[in-house]
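Trainee: Could we take a close look at a single part of this model together? I would like to follow it from one end to the other.

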Amino acid sequence: MNEGLPIREYLLVALTATVVTFLLTGVVRRLAIKVGAIANPRARDVHVTPIPRMGGVGIYLGVLGGMALAHQLPVLRRGFEFSYDSVGVLLAAGVIVLIGALDDRFELDAWTKLAGQVMCAGILVIFGLQWVQFWVPWGGGADSLGSVIVLNQTQGALLTVIMVVVMVNAMNFVDGLDGLASGLGFIAAAATCAFSLGLLGSSGNAVEAYPPALIAATLAGACLGFLPYNFQPAKIFMGDSGSMMIGLMLAAATTSASGRVSYTQFGASDALALLSPLVVVAAVLFVPLLDLIMAVIRRTRRGESPFAADKMHLHHRLLEIGHSQRRAVLLIYFWAGLLAFGAVSVTLFDNPAVFWVFGCGLVFAILVSVIPRLKSRNQGA
């Protein structure tokens with residue numbers, strides 16, 4: 001029986017995560033200073049004074065607070081009873097925050113962190129959170145469009161591990177300006193939550209579809225609560241403890257949502273809706289994934305390790321064009337929000353107006369991005 005979407009409950013959970021993160025991040029900041037988890041300025045960094053890091057601990061505590069409240073709400077508690085997704089995410093996120101906190105203090109090598117990321121992805125798989133199927137636009141019969149690829153346990157686990165590792169490193173790579181990763185985390189989680197609520201509505205409010213929206217809602221709230229401390233000028237950095245956790249939870253939310261898509265309810269004209277899990281994944285993390293891919297290509301062409309640091313990320317390029325730190329961050333926010341919510345809107349609403357709004361937003365984003373360079377050329381002429 002469909003009693004309506006529990007939107008108020010999800011908003012309350014997100015607000016709780018926001019408040020808990022905001023209240024505890026100050027405590028975490030003092031702890032980071034005490035234990036020596038300090039980011040000293042390096043050649044590739046933008047900040048010029050030492051800043052404490054390890055803020056991901058505060059974000060994780062906010063997620064814990066939101067999840068604890070959800071477990072006490074009669075409506076959302078059923079999601080814990082019918083699925084281990086949320087429990088698995090809490091455990092995997094806790095482990096990756098611990099690994100990140102150690103890196104924030106002692107600077108672990110890249111291979112140790114990679115091993116930890118794979119281990120945390122394995123925890124998700126052990127708790128049953130993995131890809132099980134997705135639609136492809138080929139292989140269908142005469143009266144159907146495309147076909148659904150059903151993954152066995154090994155294939156699903158492998159795809160899940162790859163997605164977690166890619167998303168974790170994508171968020172880690174993009175964490176280079178004050179407030180950038182936390183803002184992108186909020187935008188991506190909010191878009192994923194909206195998509196998950198759409199799936200929840202299409203499933204008739206089925207209790208097994210609760211976890212992805214809950215995972216995304218708590219992450220969105222926690223990132224929002226961290227932003228006041230992290231926006232330029234930052235009082236604390238999230239460090240690897242935060243960026244890796246955000247990437248893992250986004251991967252977990254989209255993976256959990258993928259198993260709740262009922263492919264049988266779509267017709268041949270709904271190709272975009274059938275591809276919705278993959279479309280949303282690609283759009284939600286398009287900016288950090290693009291930055292990651294460009295960095296890997298750039299470094300391997302120079303004969304360097306893909307993990308070698310440089311000062312040629314997207315946010316660095318925006319600074320070179322002439323944008324200020326704040327304007328560069330806000331511009332990346334706009335690009336990320338446009339792509340993420342545009343993809344979600346297209347998959348949930350069959351309305352041509354969505355494409356028009358998205359197109360106008362795209363033109364505006366391009367113009368705002370290149371204006372400083374156009375001004376410099378005109379002045380040079």
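Are Y10 and Y210 buried or exposed? And what can you tell me about the helix that holds Y10?

Mentor: Happy to! Keep in mind that this is a predicted model. Y10 and Y210 are both buried. The two rings make an edge-to-face aromatic pair, with 6.5 Å from centre to centre and 75° between the planes. Y10 belongs to helix 1 (residues 7–35) and Y210 to helix 8 (residues 210–230), so this pair ties together parts that lie 200 residues apart in sequence. A further aromatic pair joins F22 and Y229; this one is tilted, at 5.4 Å centre to centre with 45° between the planes. Here too helix 1 supplies one partner, F22, and helix 8 the other, Y229, so parts 207 residues apart in sequence are tied together. F22 is partly exposed, with a relative accessible area of 39%, whereas Y229 is buried at 15%. A search of the whole structure gives three aromatic pairs.

Now for helix 1 itself. Its 29 residues should span 42 Å at 1.5 Å a residue, and the end C-alpha atoms are 40 Å apart, which agrees. Still, helix 1 has a kink of about 35° centred on T25. T25 is also among the buried residues of helix 1, which include V13, A17, T21, G26 and A32 as well. The buried residues of helix 1 pack against strand 1, strand 2, helix 2, helix 3, helix 7 and helix 8. Finally, just past the end of helix 1, G36 adopts a positive phi of about 85°.

Terms used:
Residues are numbered from 1 along each chain as its sequence is written. This is a predicted model: local features need pLDDT of at least 70, side-chain atom pairs count only at pLDDT 80 or more; totals for chains, interfaces and linings use all residues. Side-chain values use heavy atoms; hydrogens and water are left out. Rings of Phe, Tyr and Trp (its six-membered ring) pair if their centres lie within 6.5 Å; planes under 30 degrees apart count as stacked, over 60 as edge-to-face and the rest as tilted. Helices (H or I, at least four residues) and strands (E, at least two) are DSSP runs, numbered from the N terminus. Buried means under 20% relative accessible area, exposed over 50%, partly exposed in between (1.4 Å probe, protein chains only). The expected span of a helix is 1.5 Å times one less than its number of residues. The bend at a residue is the angle between axes fitted to the seven residues ending there and the seven starting there. Contact means heavy atoms within 4.5 Å.
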